Amino acid sequence: IKSSAASDVYKRQDQTKVHKLECSQCLMELRSGRIITADEGFMKMFGYTREDIAEGVTYKDLVPCLDIKQIVAKLREEFVFSSNICYEHTVMCKNGEVKAVCSMLEIQNTLIKGHRMIRVSSTELASVIELDTEAKFK
């Protein structure tokens with residue numbers, strides 16, 4: 001298919017196919033996985049409270065099977081090549097519910113109390129709407 005024809009088809013598509021996704025964001029220490037701050041989306045998506053965060057929620061609480069030393073080593077290797085990494089994985093909510101999410105991890109250039117930070121932005125995969133692109137671009 002020629003790109004101009006594909007572009008014409010795309011322009012004629014129903015524009016309601018664009019949907020806002022619920023998302024969450026938190027700031028996490030790279031070395032320990034401790035969550036420093038989290039937004040309202042994080043609280044809603046995973047069921048934690050500001051008090052929980054203040055008491056010391058870690059990424060290990062969200063991903064219990066995670067070997068934090070192994071993942072930190074992997075992240076450090078990956079961050080050599082890019083400041084952003086995207087992962088699809090499962091997360092355990094505070095109430096024990098397991099959700100499939102897509103998370104974008106972004107290494108932060110600033111240190112907080114001598115610790116390197118990662119900004120983690122996530123969306124629940126169940127909320128992602130699949131488009132029938134094959135049918136639309138024939």
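Tutor: A disulfide is a pair of cysteine sulfur atoms within 2.5 Å. The model here is predicted, and a search of the whole structure finds 0 disulfides.

Student: What makes C102 a cysteine in no disulfide?

Tutor: The nearest cysteine sulfur to that of C102 belongs to C86 and is 3.4 Å away. A disulfide needs the two sulfur atoms within 2.5 Å, so C102 is in no disulfide.

Student: Why is C102 called partly exposed?

Tutor: C102 has a relative accessible area of 25%. Buried means under 20% and exposed means over 50%, with partly exposed in between, so C102 is partly exposed.

Student: Why is C26 called buried?

Tutor: The relative accessible area of C26 is 3%. Buried means under 20%, so C26 is buried.

Student: How many cavities of 30 Å³ or more are there, and what is the volume of the largest cavity?

Tutor: The count is 1 cavity of 30 Å³ or more. The largest cavity has a volume of about 60 Å³.

Student: Which elements give two or more residues to the lining of the largest cavity?

Tutor: They are β1 (23-29), α2 (40-46), α4 (59-62) and β5 (115-124). Of the elements, β1 gives the most, with 3 residues. The lining residues include S24, Q25 and C26, as well as F42, F46, Y59 and L62.

Student: What is the make-up of the lining of the largest cavity by class?

Tutor: The lining has 7 nonpolar, 4 polar and no charged residues. Cys counts as nonpolar, so C26, one of the lining residues, is in the nonpolar class.

Conventions
Residues are numbered from 1 along each chain as its sequence is written. This is a predicted model: local features need pLDDT of at least 70, side-chain atom pairs count only at pLDDT 80 or more; totals for chains, interfaces and linings use all residues. Side-chain values use heavy atoms; hydrogens and water are left out. On a 1 Å grid over the protein atoms alone, a cavity is a set of points where a 1.4 Å probe fits but cannot get out, and a pocket is an open set with protein on both sides within 12 Å along at least five of seven lines; lining residues have an atom within 4 Å of a point. Grid points are joined across faces, edges and corners, and a volume is the space filled by probe spheres set on the points. Helices (H or I, at least four residues) and strands (E, at least two) are DSSP runs, numbered from the N terminus. Buried means under 20% relative accessible area, exposed over 50%, partly exposed in between (1.4 Å probe, protein chains only).
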